[in-house]
Structure formats: structure tokens, C-alpha cells
Amino acid sequence: MSTYQIYELNHAALSPLRAAADMSRLALQNPLNPFGQTPFGRIMTAGFEVFERMTRRYGKPEFGLPTTDVGGVRVGVTEHVVWQRPFCRLIHFERMTTRRDPKLLIVAPMSGHYATLLRGTVEAMLPRHDVYITDWIDARMVPLSEGVFDLDDYIDYVISMLHFLGGDTHVVAVCQPAVPVIAAAAVMEAADDPYAPRSMTLMGGPIDTRINPTAVNKMAEGRDLDWFRRNVIMQVPFPHAGFMRNVYPGFLQLSGFMSMNLDRHVNAHKEFFSHLVKGDGDSAGKHRDFYDEYLAVMDLTAEFYLQTVDTVFIRHALPKGEMMHRGKPVDLSAIRNVALLTVEGENDDISGVGQTEAAQHLCVNIPEDMRAHYVQPQVGHYGVFNGSRFRSEIAPRISDFVLTHGRPKPPVATGRPHKAEPAPVQPVEAEPAIGGLEAVLLAAPSGAADDLKLISGIGPKLEQTLNALGIFHFWQVAGLSEAQIAELDDRLAFKGRIGRDRWVEQAQRLAKEAVGG
């Protein structure tokens, strides 16, 4: 029997006791129960809550960001899933404002916790940016039939999301994603991809873990890959949707995190018990808020975890110039037109000082006026992307960097031979250099927007997605070329849906009807 199965059995065995404890707590908290207000009653109530919380499985939290401040005005915020693949969703925090701010893609870490761990990051960036965030899916909930997901797939997902978002997008990578994000930028720049990000901000990321190695780095480097495969890779048990998928379980990752500061966590729960007994609701509430997030964990696919450990922590492939993506080298010197900001915490005990800054030395062809580095004093790893110092010191620097590099600059020469440009001739296929689809997109509807839902295959959510992209009218769909259809297909991951549902033909008919033809 695997450790994962034992964990599941233990959780199931404690379910009746957990339910009884919760029921007893509610009974004691009933205002009509005089025993609950006695000193012994308060002790019993506190004990029942601590037991219930320590034995429960924490589900994925909500972002819970209904409003933000834009230019001094409080506006509503709604979440929309605008892009989805088996292992990830892209969430757009749509602000109820007409102001067009730079698009900011926050790539959350796929390291055990949910993307909601970056709630504070999203909240701080919303006032000045159009924010999107990667919402990684718990691997135990992905059926085995959906295939594998490794580090190469992670990089492909980032590139696909950048294609979906179009040009003028900025990327913020928090912790672990620093490596796949900088690799994605290198792959895109090497291919002269017009959708490469305008800038990338790497925060507390393990670019080169040979610099100031932490306990986490030393543990990984001191073992070979087979050790990790034997000791931490397990199969998802029944009845989860990902039954039989090989994963690195979230509860193991959480155990590792907590063991690094075990005394602090034990003392925090002792203080929580004391706050409950004393009736200190504010302090108890802060404890609940923190641990509701901290104890909510997800499984990682085995192939992603093992490839990351091998590439980043054992072989140090990226700084050595040996990292590969789909069989091709990841050449950081290819990055020329993406501005680079690196951020570190002075007391970071997960990614040591200098590990993220290493990107500045590896990306040798980024001009000096397009790079910056900042070390935040007196913060640890989580303080790099959350907390008061992040809000007051780090977030404003990221915003200023993004706004500074928000406009395109003349491309930096690649150093590779270019073909001579021929004299102007009538092109065989009209496809603008920045991508054919851009030619038909609008910043706002021309007059009243058409009801795109009249096109069979387009529902309310898809209409919202198309509007967000810049498609509001039948004539825009009716005039799509084959190249533009392919690009729209790729951005929205339609897999040929436009052609199958005959959108263009439907839109042509509807456009004629709209003008009385």
C-alpha cells in the first residue's frame, strides 16, 4: 500500500470524528447553550475547532477580488476563464472600466499551492494593469486520458497564452515559473515571434541554484533523480478523476514546506487555540485566512516534477546553456527585445539572493536601458510577492517598469544574416508582419456591436471572449482569411471549430441581412 493510499485511508477514517467535532463546536457556540460561555466550554469549543481544521482537506480557495481602484474610482472586477487546456486555465480579471492599461500575464508557480496564493499580487497590480493569471489544475483531477504534462508542455502553454493575448503583453513569473518563462521568451525570440512579451519580471526564481544555495537546493542536488522517483512519486488512488496518474502529491510538498519551519507552525496553532479561548476573533480570523490558503495544496504530474528537479536543481541546465525544449537548445542570448526586471528578497530561504539576478548575466543581448534588478530588504520568499512591503515597494517598481517598456522599440539586431528584401511586388498571401488577425481587431465596436450569438457555435461566454479580443461585428468574422482563421484558432484553442461550424459563411449571410441585402 502506497503512502498516498494510507493518507487517503487516514483522511476517510477521521471523517466521522471530524464531523462530530464540528457538530460539537456548533452546539457549544449556540447562544442558547449556557455551557458554551463557561471557561471549560470555551476550551472545549477551541479544541474542537483546532482538531477539525488540522484533520480536514482544504479545497481550492477563491480569489475574492470583487472590486479594485482605477484612477481613484472604485470599479467592479469579474473573473472570466478565457483560455483553457487540460492542465491549466487562464483567468482574466476584467475591470468595469473603459481605461486600456497594459496586459499583464502573471504566471503562478506550479509547486503545490493554488494560484490563489498570489491573491495579493493580483490585487496590487489590478489598479494599473489588465491582469491575467495562470490557474493550474490539480493533477489528481486530470484523467489519465488527457496525456502527460512536463516542463516542455509548461513552456508551450506559456507561449500559447502569449499568442492568445496578442501583442503588448507583459509577463510576471513568481518563483518556480521564472525558468519556463525565460525559456519561453528565448524560444519566441529565436523564432522572431511577434507575440514575444514586451517585458518579463522574474521574482524569487531559481535561474541558477548554484548561487547561494539554500536548504531546498542542497537537498535536491544531494540526491539523484532515481531517489526522487522512488520516494516521492506515487499513483493517484481511486476514486479521483486522475486515478493511476503518477504524481508528486501535494501533501508531501506541504510536509516539506512545514518541516522547514515546524516550530513556527506549531506555535501558530497554539496561539490560535489561545485566541479562540480568549475570544480574540480578529487574531483567530487572520490565522484562518492564512492557513486556509497555505494548507490548500494540489498534486503535480510526475513528469513535470522530475524534469524540473533534473533540469533546474541537479544539472543546472539553464545557466550552463544545456537546457533543451522539444529537442532544441534554449539560447538565452536570443532574447534581445524583451525588457527584463529581476526581483529578490534579502532573506529568501527558498531562492537565495543572486539566483534570480543570474538572468541578468545570462541574457547578454538585452540592452542596458531595458534591464533592472531590485533586492527588497527584510523580506523572505513570500514577501517578494505578497505583504505590505510588496505592496509599497515592489509592486510600484513592477508597474513603473511595465509602463516604461509598454511601447515597442526598434528591434535589436539578431546578429544572424538576413535575407535581402526584394523589391515590392504584389504578395501571394496578404499577411501583415505582426500577424494577420491584428488587421481586423478593433479596440471598441464601430457603433452598436452585433449579436455574435446568432452565429451557430458562439454562446454568451465565447461572445465575451471574442469581444475581449476585439471582434464585435459580423463583417469582421465574414472577412477572415485562411491565415487569420488559423491564428484565431490557435489563440482560442478551437482546434478547427471555426471551419467546422462555418462561422465565415454564417457571418457573411448575417452581415448581408444586417444591411438589408
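1. Helix α5 gives the most to the lining of the largest cavity, with 3 residues. The model under review is a predicted one. Both α4 (151-165) and α5 (178-190) supply at least two residues each to this lining. The residues that line the cavity are V158, L162, V171, V181, A184, A185, P197 and M200.

2. How many cavities of 30 Å³ or more does a search of the whole structure find? The search finds 1. The volume of the largest cavity is about 30 Å³. Its lining, sorted by class, consists of 8 nonpolar residues, with no polar and no charged residues.

3. Cysteines and disulfides. A disulfide is a covalent bond between the sulfur atoms of two cysteines. A search of the whole structure finds 0 disulfides. C88 is buried, because its relative accessibility is 0% and the cut-off for buried is under 20%. C175 is also buried, with a relative accessible area of 12%.

4. The buried face of helix α8. Helix α8 spans residues 250-260, and its buried residues are G250, F251, Q253, L254, F257 and M258. When the helix is viewed down its axis, these buried residues fall within an arc of 155°, so they line one face of α8.

5. T214, a loop residue. Where is T214 found? T214 is in the loop between β7 (199-203) and α6 (215-221). Is T214 buried or exposed? With a relative accessibility of 9%, T214 counts as buried. Apart from neighbours within four places in sequence, T214 is in contact with D348, D349, I350, S351, G352 and Q355.

6. V504, a helix residue. V504 belongs to helix α19, which covers residues 503-514. The relative accessible area of V504 is 13%, so this residue is buried. Residues up to four places away in sequence being left out, V504 touches V477, A478, L480 and I485. For V477, which is 27 residues from V504 along the chain, the separation of the C-alpha atoms is 5.7 Å.

7. H373, a strand residue. H373 is placed in strand β14 (residues 371-376). Its relative accessible area is 28%, so H373 is partly exposed. Which residues does H373 touch, not counting those up to four places away in sequence? They are L341, T342, E344, E357 and Q360. T98 is 275 residues from H373 along the chain, and 33 Å separates the C-alpha atoms of these two residues.

Conventions
Residues numbered from 1 in each chain as written. Predicted model: local features only at pLDDT ≥ 70, side-chain atom pairs only at ≥ 80, totals over all residues. Heavy atoms only, no water. Disulfide = S-S within 2.5 Å. Buried < 20%, exposed > 50% of the residue type's maximum accessible area, 1.4 Å probe, protein only. Helix = DSSP H or I, 4+ residues; strand = E, 2+ residues; numbered from the N terminus. Arc of directions from axis to C-beta. 1 Å grid on protein atoms, 1.4 Å probe; cavity = no way out; pocket = protein on both sides within 12 Å on 5 of 7 lines; lining within 4 Å. Points joined across faces, edges and corners; volume = space filled by probe spheres on them. Nonpolar A, V, L, I, M, F, W, Y, C, P; charged D, E, K, R; others polar. Contact = heavy atoms within 4.5 Å.
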